[in-house]
Amino acid sequence: MSILNADVLHIVSNELLYIEGRGTGSSLLNLSIASRLCRQACLPIIFSEVRWPHKSKTDPDNGLPSFLPESLRPHVRHLQLIWHDEWTEPGRLRHGYFDRDGMYIPFGLGIVSSAIVCMPKLNAITMSCPFLPPQSLFEAIGKCASLESFSLIDTPIDMGLISVYSSSLTRANLAPVGQSLRIGDGPTYPKVSDISYFMRDWRRKYRLQAQFRGLREPRACSLFLRQQAPCLTHLDVSGDLCSFAALAAVQWPELRTLVLYGHVPGTQISYAFPVTPPPEASIWDALERMPVLSDLRLLFSRSRGKDFVFLPGDRFPDPTHLKKLASLTNFAISNACKLDGVLNYFPSLQKLAILAMVDLPRWPIALYHADAERVLTDVARSGCPLKHLRIIIEDKLTPQLCHLIATLFPLLEVLEIERCGYHDGKSMSTCQEFVDALLPLSALQSLRLCMQFPEYDEVDEMESWKAVRAQSADLFASALKNIRQVGFEYRKRTGTHRYQDAWLDFTVTRYEGKKENGWGTTLRGGCRDQRRVLRQLPELWYAFPEVWTPTRLPF
């Protein structure tokens, strides 16, 4: 062990972390205590991502949440400051006190402010706090020279935010208090699935101040974004915190990805007192300020009001708007936006996601087959070289829809068709029919389908529901020679009477035979027999607002 190369140990440690998932790496912890060399190789990985505070870790001297010792702080790359909601409840008050206005004020944030400046590798900070963060904390974050990513989620905001002024910041995410969005009927964070999340005392007080915060928070966010605009390359921002006029007020020379989510800007807050209206601006005024933008995501939540009109359908679009659409390669849009007559103006589009979104605890309604076929036909009319398609539908999937997609987009490499509210049952089509429908997709590498499977008993110890999906995955892998991953939707139990959509994914590994006694035999015409092995992947999900690449489910 003493002569084992440190680089090899680092590779082994990373592999253990990937296999077991972050936060559950017992094998990695066991490796770290094997020897001093192993410990030195494992510590930078174990403590690369740190969450504070912990409920069970308290400093015995002062009773406050204990922080990382100084020897471990140089390893931290991502710091998550996530304060527990229940500590702010009047009957369960911990690590803080209430001021004269009844707002929670925490203890012990000074140690965090002093520790942040001693983390030379810190490049990402995520904050979720049930109180107004003190300005000293924001100032400490602003002094972090290596900071590249800053996320402020479910946290009250005031003018102290503008103290976060780091020249190295390239990514920002701003989400308001209480925003809980659902994409389809898939996994959501456990805390927003519990009714107590919406009934916390501090959120109730926060909602009572909607009139006041409706002026304060957008102004603070606008000033923060104006400072960071010259260097940001990726911006996620809620429409409740930022208006189109604020985005159009500055130039965004480096911004390549813009994600607008939540509610459409300017549609939520109404005031009981006179307020000077913001200057008139549209989304196009903002997009014109973003010369290198290539990835646009309009992930607005569906409301009871009218749909957001991205392009007017009653007249020919402005030529400057068409020029901007022609420069986009990635585009995601929700069902809160009017889709008719929009997607036929994207000649350079390579990635497209059409999603169904709504605020929890409601359920979204996705596109019906007729609507999906019409929208996909519009995309094909643009002549774009589409390679990645993700779409959520309301009806049962049919081979006819799969064949239409395969005919319209023969260059697809990634295809995901999800049903909003999947259910097993008697299918009117066989698996082979779906395989035949997708045969034109010779370049397909990743496939996810919501094709219907027979219903099995939930207490079946043989897990027949999983076996039949594995057999179907093998059938697709045998017909589509370039496919590397196959997944099928199923309904997952998450409580006594709770279910949600989930995916059962398999990775496909192929081996080419070169000898008769090897993995395969040489066939006539010089072709080689391919043996394939299917392995089940850990459960994956899309960590909002990501829509292109799923990651391992963290809970």
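**Note on the predicted fold**

1. Leu-174 lies in strand β7, which covers residues 171–174; strands (E, at least two residues) and helices (H or I, at least four) are DSSP runs numbered from the N terminus. The model is predicted, with local features requiring pLDDT of at least 70 and side-chain atom pairs counted only at pLDDT 80 or more, whereas totals for chains, interfaces and linings use all residues. Residues are numbered from 1 along each chain as its sequence is written, and side-chain values use heavy atoms, with hydrogens and water left out.

2. Leu-174 is buried, its relative accessible area being 0% (buried: under 20%; exposed: over 50%; partly exposed: in between; 1.4 Å probe, protein chains only). Beyond residues up to four places away in sequence, Leu-174 touches Leu-152, Cys-221, Phe-224, Leu-225, Asp-236, Val-237, Ser-238, Leu-241 and Tyr-261, a contact being heavy atoms within 4.5 Å. Val-237 is 63 residues from Leu-174 along the chain, yet their C-alpha atoms are separated by 4.9 Å.

3. At the level of the whole protein, there are 15 helices and 22 strands. Of its 555 residues, 47% count as buried. Of the contacts between residues at least 6 apart in sequence, 68% join residues at least 24 apart.

4. The largest nonpolar core has 125 residues, among which Phe-150, Phe-310 and Phe-476 touch the most other members. Such a core is a set of buried Ala, Val, Leu, Ile, Met, Phe, Trp, Tyr and Cys residues joined through side-chain atoms within 4.5 Å. Helix α14 (residues 431–438) supplies the largest share of this core, five residues. A second, separate core of 16 residues includes Ile-183, Tyr-261, Met-357 and Cys-420. Outside the four places on either side in sequence, the partners of Phe-150 include Ile-125, Met-127, Phe-138, Leu-161, Arg-171 and Phe-224.

5. The axes of α14 and α15 (residues 464–479) come within 10 Å and cross at roughly 30°; axes are lines fitted to C-alpha atoms, for helices over the stretch in contact, with angles from 0 to 180 degrees between N-to-C directions. The two helices are therefore roughly parallel (under 35 degrees; over 145 is roughly antiparallel, 65 to 115 roughly perpendicular, and the rest oblique). On the α14 side, Cys-431, Gln-432, Phe-434, Val-435 and Leu-438 meet Ser-472, Leu-475, Phe-476 and Ala-479 of α15.

6. In the other pair, the axes of α12 and α13 (residues 399–408) come within 10 Å and cross at roughly 5°, which means that α12 is roughly parallel to α13. This contact involves His-369, Glu-373, Leu-376, Thr-377 and Ala-380 from α12, with Leu-401, Leu-404, Ile-405 and Leu-408 from α13. Asp-378 also belongs to α12 (residues 369–381). At 8% relative accessibility, Asp-378 is buried, and this residue touches Gly-341, Leu-343 and Asn-344, leaving aside residues up to four places away in sequence.

7. Most residues other than glycine have a negative phi, and most peptide bonds are trans. A cis peptide bond joins Trp-52 to Pro-53, with omega about 0°; Pro-53 sits in the loop between β1 (49–52) and β2 (78–82). Another cis bond joins Phe-544 to Pro-545, with omega about 10°, and Pro-545 is in the loop between β21 (540–541) and β22 (551–552).

8. Positive phi values near 55° are found at His-95 and at Asp-154. His-95 is in the loop between β2 and β3 (96–98) and is buried at 11% relative accessibility. Asp-154 is in the loop between β6 (149–152) and β7 and is buried at 3%.
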